[in-house]
Amino acid sequence: MESTIQPSEQNQLLSRFSGFWQSFKKNRSGLIGLGMLVIILIMAIFAPLIAPYASSSTSSAGLSDIYNPPSAAHWFGTDDAGQDVFSNFIFGARVSLTVGFFAAFISIIIGGIFGLVAGFFGGRWENFIMRFTDIFLVIPDLPLMVVIVALTKPSLLNIIFVIGLLGWTTTARVVRSQTLAVKSRKFVLRARAIGAGKGHIVTRHILPLVMPILVVQAVLVVSLAILNESALSFIGLGDPTALSWGQMLNYAFGRGAMSTGAWWALVVPGFGIVWVVLGLTLLGQGLEKVLNPRLETHHLMPGRPSVQSEAGWDVAKKGTLLEVQNLSINYVNEGQLPARAVENVSFTLKEGELIGLVGESGCGKTTLMLSLLRLLPAAGQIVNGRVFFNGKDLVTLGDEELNDVRWKGISIVFQGAMNALNPVRTIGEQIAESITQHLPGFPKENIDGRVIELLDLVGIAADHKDHFAHQYSGGMRQRAMIAMALACNPQVIIADEPTTALDVMIQAQILELLDNLRKKLGLAIIFVTHDLGVVAEMCDKVLVMYGGVTAEYADVDIIYNNPKHPYTQELLKAFPDLTKPKKKLASIPGYPPRLEALPAGCRFAPRCPSAFPRCHTEQPMLHDLGNEHIASCHLLEASK
């Protein structure tokens with residue numbers, strides 16, 4: 001009979017496994033956990049070959065053999081029946097692992113199905129399943145297991161089913177949350193649009209993204225099942241015909257091991273339980289990092305500042321609210337050259353001022369903004385420079401001091417509001433969370449009123465407070481993010497492309513809202529955008545970035561009427577000007593450089609129409625052209 005798996009599919013599976021293993025073996029804790037689990041599995045599988053004595057062997061055992069200390073004949077001593085503790089430990093591993101794996105399998109199947117159904121179908125199904133889950137969560141697992149096992153025959157099969165049938169609640173809630181997040185994504189909507197059925201969507205689009213969490217959860221549930229079986233056996237509710245580690249502890253405690261000083265009868269099975277649970281925990285953490293790589297790169301994971309001693313900086317200028325001096329950021333990944341995402345960028349921001357940050361995608365704009373609040377991915381490191389806010393250097397602050405600045409001093413409107421909002425919490429709850437986290441003295445009875453006030457400020461009716469993110473339109477979600485950013489009355493708001501993926505009319509409304517709020521509340525705003533028209537209309541200053549460096553920095557009038565850097569000039573050529581209807585638009589050929597493979601010399605040289613030989617070998621310096629106009633180009637030296 002021919003195999004149903006084609007050679008190409010076999011190659012894909014092998015390739016995926018190889019890629020998984022290459023990532024997993026870099027995780028030290030995961031490898032240690034896997035090694036610990038493999039050792040105990042080998043001992044359990046090959047118990048008859050490894051154990052020096054047969055299981056529960058009492059042949060030729062006499063009174064003198066009871067609770068003998070460790071010796072050459074019995075490496076870990078003997079128990080109350082004169083049996084070899086090490087042999088019982090090895091055979092007991094079989095029972096403990098069997099209960100753990102089979103009970104976990106039952107829990108994962110039940111929890112996975114309930115979670116998928118509740119998250120995907122919602123409505124009455126979700127209400128019924130989650131209320132049923134809540135009932136089980138209220139009742140402590142272990143006491144309920146004790147009652148049920150005590151009322152039934154304490155056999156190994158009963159114990160497996162009881163642990164499995166009562167251990168699914170956490171899995172159900174975790175899977176439901178992940179399913180809710182996945183089903184609202186655009187690719188699921190696309191699958192519905194092409195006519196895919198519910199079964200197809202669940203199996204092909206949702207389950208693959210839920211499966212990594214299920215795998216990690218399964219590993220952790222195994223350890224919990226082993227602990228529960230050990231606890232049941234320890235209190236005398238284990239299967240008397242099957243010797244497990246918990247049963248060994250029960251016999252040792254109940255038959256005088258403590259009073260006779262036979263510590264080995266307790267330590268050996270206890271060590272086995274700790275060994276397996278620790279190994280499974282480490283393995284679960286390792287799998288989670290590999291199967292869910294966003295844990296290592298998530299925007300809300302703080303980077304690790306590592307400022308070089310030669311970082312150039314001066315005392316913050318008086319009258320400035322925020323001053324960035326020579327800031328440089330690298331992305332450091334093991335085995336790869338550092339990606340120089342931002343290099344020696346400086347700018348200032350005054351009270352009530354709006355600065356526009358422009359440049360093509362991949363030029364370091366978002367990285368620069370995230371670094372101001374130290375919200376870089378784990379691989380992102382500040383390697384140079386300072387960030388002064390109200391005279392404090394944010395780069396050197398500790399976590400607690402920095403948390404006092406976040407949201408109360410500087411807040412951020414993240415790019416892509418749908419991804420920044422929690423899909424399983426209401427908008428009102430998420431705005432209130434900002435208040436309770438940063439203003440602990442704020443009266444609890446006034447929080448709802450403050451949330452309604454903030455929503456009204458951005459044009460959202462109060463009755464939408466208890467709605468979820470997926471119930472908002474794109475423009476409303478963006479307004480809600482702005483309301484959240486205003487919750488603690490910050491002085492500076494970072495708006496990271498707040499109009500992305502919105503239609504023109506909604507974009508205009510959001511931009512008008514930001515401008516009105518700036519004038520009304522005296523906010524200073526850093527506005528990241530690709531739209532030069534918006535910059536011309538709203539901004540006071542403009543910072544043009546290319547390849548992670550400053551191309552040009554000046555007042556908005558200078559940037560539009562007298563740009564000096566070729567990159568700024570080329571950007572303006574690609575921007576339509578209504579005052580010049582006959583103007584031909586021109587795109588910039590090529591693409592921005594890869595940050596881990598930057599060209600020698602000027603980073604814009606490969607695309608620059610004015611480049612000459614020096615541009616390809618020497619990186620230009622920043623030239624001060626007067627009136628706070630700065631540009632980096634070799635052509636400026638000749639014009640001086």
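This is a predicted model: local features need pLDDT of at least 70, side-chain atom pairs count only at pLDDT 80 or more; totals for chains, interfaces and linings use all residues.

Modeller: A residue is called buried when its relative accessible area is under 20%, exposed when it is over 50%, and partly exposed in between. Helix 24 runs over residues 566–573 and is mostly covered, with six of its eight residues buried. The buried ones are P566, Y567, T568, E570, L571 and L572.

Three cavities of 30 Å³ or more are counted in the model, and the largest cavity has a volume of about 60 Å³. P566 belongs to the lining of the largest cavity, together with H565, C602, F604, A605, C608, A611, C615 and C633. By class, that lining holds eight nonpolar residues, one polar residue and no charged residue.

Another buried site can be described in the same terms. V534 sits in helix 22, which spans residues 532–538. V534 counts as buried because its relative accessibility is 9%, and the cut-off for buried is under 20%. Apart from neighbours within four places in sequence, V534 is in contact with L511, F527 and C539. A508 lies 26 residues from V534 along the chain, and the C-alpha atoms of the two are separated by 9.2 Å.

Key: Residues are numbered from 1 along each chain as its sequence is written. Side-chain values use heavy atoms; hydrogens and water are left out. Helices (H or I, at least four residues) and strands (E, at least two) are DSSP runs, numbered from the N terminus. Buried means under 20% relative accessible area, exposed over 50%, partly exposed in between (1.4 Å probe, protein chains only). Contact means heavy atoms within 4.5 Å. On a 1 Å grid over the protein atoms alone, a cavity is a set of points where a 1.4 Å probe fits but cannot get out, and a pocket is an open set with protein on both sides within 12 Å along at least five of seven lines; lining residues have an atom within 4 Å of a point. Grid points are joined across faces, edges and corners, and a volume is the space filled by probe spheres set on the points. Ala, Val, Leu, Ile, Met, Phe, Trp, Tyr, Cys and Pro count as nonpolar, Asp, Glu, Lys and Arg as charged, and the others, Gly among them, as polar.
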